[in-house]
Amino acid sequence: QVQLVESGGGLVQAGGSLRLSCAASGLPFTRYAMGWFRQTPGKEHEFVARWSGGATYYADSVKGRFTVSGDNAKNTLYLQMNGLKPEDAAVYYCALQPPDSVSFDYWGQGTQVAVSS
């Protein structure tokens, strides 16, 4: 089955950087749309970025600071986060959207990002 595993979270000072990884198994992620989301207390997922065949789209809140990239050989999606702000603190998830689905059907376990000042 499809499995997504996020890693790379941690605590960073405001203005610092982190790179999150999402390792996919079960299928090649390049054939599907992938997304990064984040969740804070309140149990609502916020869209962060979308990756589809190399094309990217970012939420306004992170545009210019975050960058999505993929490594086809490693079947891994990355989220480079620069200029981190306290409001970026959240649990970050990657997700996969099958081509015949209207939603992201597969999710990873999440990795926590904390930002201090």
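# Briefing: contacts, rings and strands in a predicted model

The side chain of Arg-38 makes a polar contact with the side chain of Asp-88 at 2.9 Å. A polar contact is a pair of N or O atoms within 3.5 Å; within protein, one must be able to donate a hydrogen and the other to accept it, and residues adjacent in sequence count only if both atoms are side-chain atoms. This is a predicted model, in which local features need pLDDT of at least 70 and side-chain atom pairs count only at pLDDT 80 or more, while totals for chains, interfaces and linings use all residues. Residues are numbered from 1 along each chain as its sequence is written, and side-chain values use heavy atoms, with hydrogens and water left out.

**Arg-38**

- Arg-38 is found in strand β4; helices (H or I, at least four residues) and strands (E, at least two) are DSSP runs, numbered from the N terminus.
- Arg-38 counts as buried at 6% relative accessibility. Buried means under 20% relative accessible area, exposed means over 50%, and partly exposed lies in between (1.4 Å probe, protein chains only).
- A polar contact also joins the side chain of Arg-38 to the side chain of Tyr-92, at 2.9 Å.
- Leaving aside neighbours within four places in sequence, Arg-38 is in contact with residues including Glu-44, Ser-61, Phe-66 and Glu-87, where contact means heavy atoms within 4.5 Å.

**Aromatic rings**

- Rings of Phe, Tyr and Trp (its six-membered ring) pair if their centres lie within 6.5 Å; planes under 30 degrees apart count as stacked, over 60 as edge-to-face and the rest as tilted.
- By this rule the count comes to five aromatic pairs.
- Phe-37 and Trp-107 form a tilted pair, because their ring centres are 4.9 Å apart and their planes are at 50 degrees.
- This pair links distant parts of the chain, with Phe-37 in strand β4 (residues 33-40) and Trp-107 in strand β10 (residues 106-107), 70 residues apart.
- Phe-37 is buried, with a relative accessible area of 10%, whereas Trp-107 is partly exposed, at 35%.
- Tyr-93 and Trp-107 form an edge-to-face pair, 6.4 Å centre to centre with 75 degrees between the planes.
- Tyr-93 lies in strand β9 (residues 90-97) and Trp-107 in strand β10, so this pair ties together parts that are 14 residues apart in sequence.
- Tyr-93 counts as buried at 15% relative accessibility.
- Ring pairs link Phe-37, Phe-47, Tyr-57, Tyr-93, Phe-104 and Trp-107 into a cluster.

**Nonpolar core**

- A nonpolar core is a set of buried Ala, Val, Leu, Ile, Met, Phe, Trp, Tyr and Cys residues joined through side-chain atoms within 4.5 Å.
- The largest core has 30 residues, and Trp-36, Leu-79, Met-81 and Tyr-92 touch the most other members.
- Among the elements that give two or more residues to this core are β5 (44-52), β7 (66-71) and β11 (111-116).

**Strand pairing around β3**

- Two strands pair if DSSP finds at least two bridges between them.
- Strand β1 (residues 3-7) and β3 pair in the antiparallel sense over five bridges, and Ser-7 stands opposite Ser-21 in β3.
- β3 and β8 also pair in the antiparallel sense, over six bridges, and Ser-21 stands opposite Tyr-78 in β8.

**Ala-24**

- Ala-24 has its place in strand β3 and is buried, with a relative accessible area of 12%.
- The C-alpha atoms of Ala-24 and Leu-77 are separated by 7.9 Å, although these residues are 53 residues apart along the chain.
- Not counting residues up to four places away in sequence, Ala-24 touches Gln-3, Leu-4, Phe-29 and Asn-75.
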